[in-house]
Amino acid sequence: MIALVAGATRGTGRGIAVALGEAGATVYCAGRSTRERRSEMDRPETIEETAELVTAAGGTGIPAPCDFLDPAQVEALATRVEGAHGRLDVLVNDVWGADGLWEWDTPVWKHDMDKGLRLLRLAIDTHLISARHLLPLVIKEKGGLVVEVTDGTWSFNETRYRENVYYDLAKMSVNRLAFAWSNELRPHGGTGVAVTPGFLRSEAMLDNFGVTEDNWREAKVDIAWMVSETPLYVGRGVAALAQDPDRQRWSGRSVSSEELAVAYGLTDVDGSRPRVWSFITEVREKDGETGWESYR
């Protein structure tokens with residue numbers, strides 16, 4: 001399996017890359033943060049580290065520096081992959097990098113417009129540029145898979161306003177992109193799916209809450225944190241999807257990590273099966289604070 005994860009530096013992208021490594025894939029770990037240069041996120045994680053984790057998991061990790069807002073860089077990356085393998089079996093679009101650009105519960109007339117428009121470029125344009133240059137490799141052979149990573153399934157976001165107009169538009173648009181790819185890939189036997197993790201214990205989130213993966217339960221935050229998951233959880237779901245010979249049944253859908261875990265019998269690294277989206281809709285949105293234990 002030849003895979004490319006756009007936005008593999010940290011968080012969900014890293015988790016998916018490592019899980020594909022567990023499945024024995026060759027994974028191009030693409031992103032802007034390298035050991036020589038950080039992106040505007042200014043965090044320590046790098047694509048080289050992700051590639052090393054992929055290889056340690058049993059695959060072959062290849063760091064691939066790339067700014068997905070630069071079509072020339074993405075075209076060069078596509079040429080590199082085609083020259084080495086002649087095809088691409090799995091493309092994961094997880095480019096984001098906009099954490100510092102959006103403001104909670106802020107109406108459009110108060111939100112910084114330049115930051116909002118930059119957020120949309122990072123969240124949507126990058127995915128379109130990636131698809132433009134990498135989908136021709138995905139359709140080289142029948143059965144290719146494209147995964148769009150978002151926050152919240154289509155059905156969840158459809159009836160809930162997500163923080164502000166820029167964030168809301170970004171996350172719904174990525175869901176729609178997966179639907180678009182399902183249609184454009186269908187004549188080539190390909191599959192397009194949108195996937196969302198739950199409450200993610202990413203590197204940045206752990207830092208924000210002042211905890212580590214060893215003591216994450218000590219964070220004094222929203223009770224839904226008790227139903228959080230590691231990036232590898234959604235990663236294993238994507239890896240199972242990639243190995244499923246009948247994966248076309250998922251095409252066009254927008255699904256959560258918990259849906260994939262239930263369908264494929266997967267667990268997180270600690271053996272749990274977090275179901276945070278179910279907890280939010282069935283308990284938290286009804287002002288409940290107890291019973292989260294049954295959602296892990």
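**Figure 1. Helices α3 and α4.** How close do the axes of helix α3 (residues 71-85) and helix α4 (residues 113-138) come, and at roughly what angle do they cross? The two axes come within 9 Å and cross at roughly 15 degrees. That makes α3 roughly parallel to α4; angles under 35 degrees count as roughly parallel, over 145 as roughly antiparallel, 65 to 115 as roughly perpendicular and the rest as oblique. The model is predicted: local features need pLDDT of at least 70, side-chain atom pairs count only at pLDDT 80 or more, and totals for chains, interfaces and linings use all residues. Residues are numbered from 1 along each chain as its sequence is written, and side-chain values use heavy atoms, with hydrogens and water left out. Helices (H or I, at least four residues) and strands (E, at least two) are DSSP runs numbered from the N terminus. Axes are lines fitted to C-alpha atoms, for helices over the stretch in contact, and angles run from 0 to 180 degrees between N-to-C directions.

**Figure 2. Residues between α3 and α4.** On the α3 side, the contact (heavy atoms within 4.5 Å) is made by P71, V74, E75, A78, V81 and E82. On the α4 side, I129, S130, H133, L134 and L137 take part. The residues of this contact of α3 with α4 divide into seven nonpolar, two polar and two charged. Ala, Val, Leu, Ile, Met, Phe, Trp, Tyr, Cys and Pro count as nonpolar, Asp, Glu, Lys and Arg as charged, and the others, Gly among them, as polar.

**Figure 3. Helices α1 and α2.** The axes of helix α1 (residues 11-22) and helix α2 (residues 47-56) come within 7 Å and cross at roughly 30 degrees. That makes α1 roughly parallel to α2. The crossing of α1 and α2 is right-handed. R14, A17, V18 and G21 of α1 make the contact with E49, T50, L53 and V54 of α2. By class, the contact of α1 with α2 has four nonpolar, two polar and two charged residues.

**Figure 4. Helices α1 and α8.** Here the axes of α1 and α8 come within 7 Å and cross at roughly 50 degrees. The two helices, α1 and α8, are therefore oblique to each other. Their crossing, that of α1 and α8, is right-handed. The contact includes G11, T12, G15 and I16 of α1, and P231, L232, V234 and G235 of α8. The residues of the contact of α1 with α8 divide into 10 nonpolar, four polar and two charged.

**Figure 5. Two residues with positive phi.** Phi of D42 is near 55 degrees, a positive value in a residue other than glycine. D42 is placed in the loop between β2 (26-31) and α2. D105 has a positive phi of about 45 degrees, and D105 is not a glycine either. The place of D105 is in the loop between β4 (90-93) and α4.

Methods:
Left-handed = near helix turned anticlockwise from the far one by under 90°.
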